[in-house]
Amino acid sequence: MMNKKKNRSIAPDQILIEDDFWSRIQTLVREIVIPYQEKILNDEIPGVEKSHALANFRIAAGLEEGEFYGMVFQDSDVAKWLEGVAYSLAVHPDAALEERADRVIEIIEKAQCDDGYLNTYFTVKEPEHRWQNLLECHELYCAGHMMEAAAAYYECTGKDRLLQVMRRMADHIDRRFGPGKETGIPGHQEIEIGLLKLYHVTGEERYLRLAEYFLEERGKNPDFFREEAARRDWTHFGMDPEDTYYNQSYDTVYNQKDAVGHSVRAVYMYTAMADLAGIQGNEKLYQACCTLWDSITQKRMYLTAGIGSSGQQECFTKDYDLPNDRIYAETCASIGLIFYAKRMLECDPDGRYADVMERAFFNGTISGMQLDGRRFFYVNPLEVNPGISGEIFGLRHVLPQRPEWYTCACCPPNLVRLLTSLGHYLWDETPDTIYSHMFAGQEAELEKARIKVKSLYPWEGAVSYTVQAKTQQAFRIGIHIPSYIRRMEVRLNREVIDAEDKLDKGYLYLKRIWGEADEIRITFAMPVRRIYANQKLLDDAGKAALMRGPLVYCFEGVDNQDASLQSLSMAREPNAEIYRITEGPLAGMTGIRVDGKALYNRSEALYTEETPEVKDVRLTAIPYFAWSNRGENQMRVWMRQE
């Protein structure tokens, strides 16, 4: 059951991250990734895949001559980059960066048509085809991303120039689509999230109603895209309008039971559904979200919180079909899963949502970026074999090393906006409770209290909350306790308290009249854990994976050179030990060593009756997010077990 959302929005500048793990990443994004991506968007880095995204806006604005270049949704790369810049400015003011962002916004404003329409592809290349191909052409998708950027830039800087641009675009869309107007739904969901974010910052009910329309209209007529295609004599990608599962238009959002189709489209839609359910207190819509959540997390999600197992159309497939080497697990999909988890937490603070959100943050998202911030994965595999992965049919999408950029570059700027907005995902606040969803060192300026968090997570199990109350009234603090923690010690002002009876759905609740320096200290062991998959997972039967804390671990060839990874196995009693990595790009991280065995062929024959030689070996594993930072080599998460 859920209650109508009563959360007070946590502004980006209310949270200042001061954490050994996350501060390094946020600093990297601020100092390296944002400027690097800005140069790419301006085509200023030789030898890197051309973007031309900012040039498209300048051409549409009449500021330079040229032709549109790139994907039909190229505008969205600029939008996501701007959103990431906004969140970065909120916690780390940078006058020069803000000035450059303002200039980009000025160009976007000039590219807007008189009627409010904004899309460089159709303005520059095919103005006669506006709004004729919702299935393929991403007009609503690009609008949604730019709405998100506009809301963020207004929240973070107080400047409303882009907000006014996107309000005009939202009004243009509202004049065209809706009850009593033209029927329409997006081929790629995202406009729903954008409209709801506009609603959150402006309070304009029309934007809420339009988002509701796009969600409620979806699937009412499963033939919508087929009928749309019949009205025109052109296509863009050649997508099949009959494939209603691909874009989740086969039935209404209330009747969809399984996560199907394109994984990013799906979780973006589910995010908007959960947000709308919370705003309206719509129990039926929330239950639909719960059903889809269970479909993903219980049957269609990788250990790393990667989703979308097929490289064909970037899709969910069937229950338990989670191949490790043919995987897709797009970075954007795990990011979308975080969006979805956070909106579900706002509806109902339940640890199952926070567990998945944490898993995705520490594994399936940050694995998409090189530790130096200059290379990115689109696909996040759980097994890689150089010479095969990335080269043969069916595995060409599974690259053993991160490229510098992509023709379709949706993931890199998506990571920027996620990581700079980390503070948004750490807290919620209601009239009677402050919720902490994830351990991270920080200073949080909330309505009822100022809270200083110190954390050694994820390398050690120690976190403390120092609470400085702003009210004389009693209130609760609810701290998410990850489900893997079996035993912990909780101290309140140095006094050990019985935490068992204070746990509810994965949250530790403490209620009192808080003082000026009350301290909650939580300590817990973080042993190495062996994880086993459901035996219905074909690739993982007879295998085990390693986790410690929230981190999934993997084996790389560079650490296990005695034999190829497929010839190794982990001992049933692995005698696990942790160690500190002291050299190279992984310095400061915690690795794991376990006992195992290696098989060696006695013969070079392709097939032989000779039994392989068996040797005892010590296997080494590293955090999954850090793989492929030491050259091209084998990698696997799931290891055979003796």
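## Helix pairs and a sheet

Tutor: Happy to! This is a predicted model. In it, α3 and α6 are roughly parallel to each other, because their axes cross at roughly 15° and angles under 35 degrees count as roughly parallel.

Student: Which handedness does the crossing of α3 and α6 have?

Tutor: The axes of α3 (residues 75-91) and α6 (residues 139-157) come within 8 Å. Where α3 passes α6, the crossing is left-handed.

Student: How do the residues of the contact of α3 with α6 divide?

Tutor: On the α3 side, the contact includes Ala79, Leu82, Glu83 and Ala86. From α6, His145, Met146, Ala149 and Tyr153 are among the residues they meet. The contact divides into 13 nonpolar, 3 polar and 4 charged.

Student: Which residues of α9 make the contact with α11?

Tutor: α11 contributes Met269, Ala272, Met273, Leu276, Ile279 and Gln280. The residues of this contact divide into 7 nonpolar, 1 polar and 1 charged. From α9 come Leu208, Glu212 and Leu215.

Student: Now the open sheet of 5 strands: which are its edge strands?

Tutor: The strand order is β3-β4-β8-β12-β11, with mixed pairing. An edge strand pairs on one side only, and that picks out β3 (427-429) and β11 (503-504).

Student: Which residue in β12 stands opposite Leu503?

Tutor: β11 and β12 (residues 507-512) run antiparallel and are joined by 2 bridges. Opposite Leu503 stands Leu508.

Note on methods
Residues are numbered from 1 along each chain as its sequence is written. This is a predicted model: local features need pLDDT of at least 70, side-chain atom pairs count only at pLDDT 80 or more; totals for chains, interfaces and linings use all residues. Side-chain values use heavy atoms; hydrogens and water are left out. Two strands pair if DSSP finds at least two bridges between them. Helices (H or I, at least four residues) and strands (E, at least two) are DSSP runs, numbered from the N terminus. Contact means heavy atoms within 4.5 Å. Ala, Val, Leu, Ile, Met, Phe, Trp, Tyr, Cys and Pro count as nonpolar, Asp, Glu, Lys and Arg as charged, and the others, Gly among them, as polar. Axes are lines fitted to C-alpha atoms, for helices over the stretch in contact, and angles run from 0 to 180 degrees between N-to-C directions. Angles under 35 degrees count as roughly parallel, over 145 as roughly antiparallel, 65 to 115 as roughly perpendicular and the rest as oblique. A crossing is left-handed if the near helix is turned anticlockwise from the far one by less than a right angle, and right-handed if clockwise.
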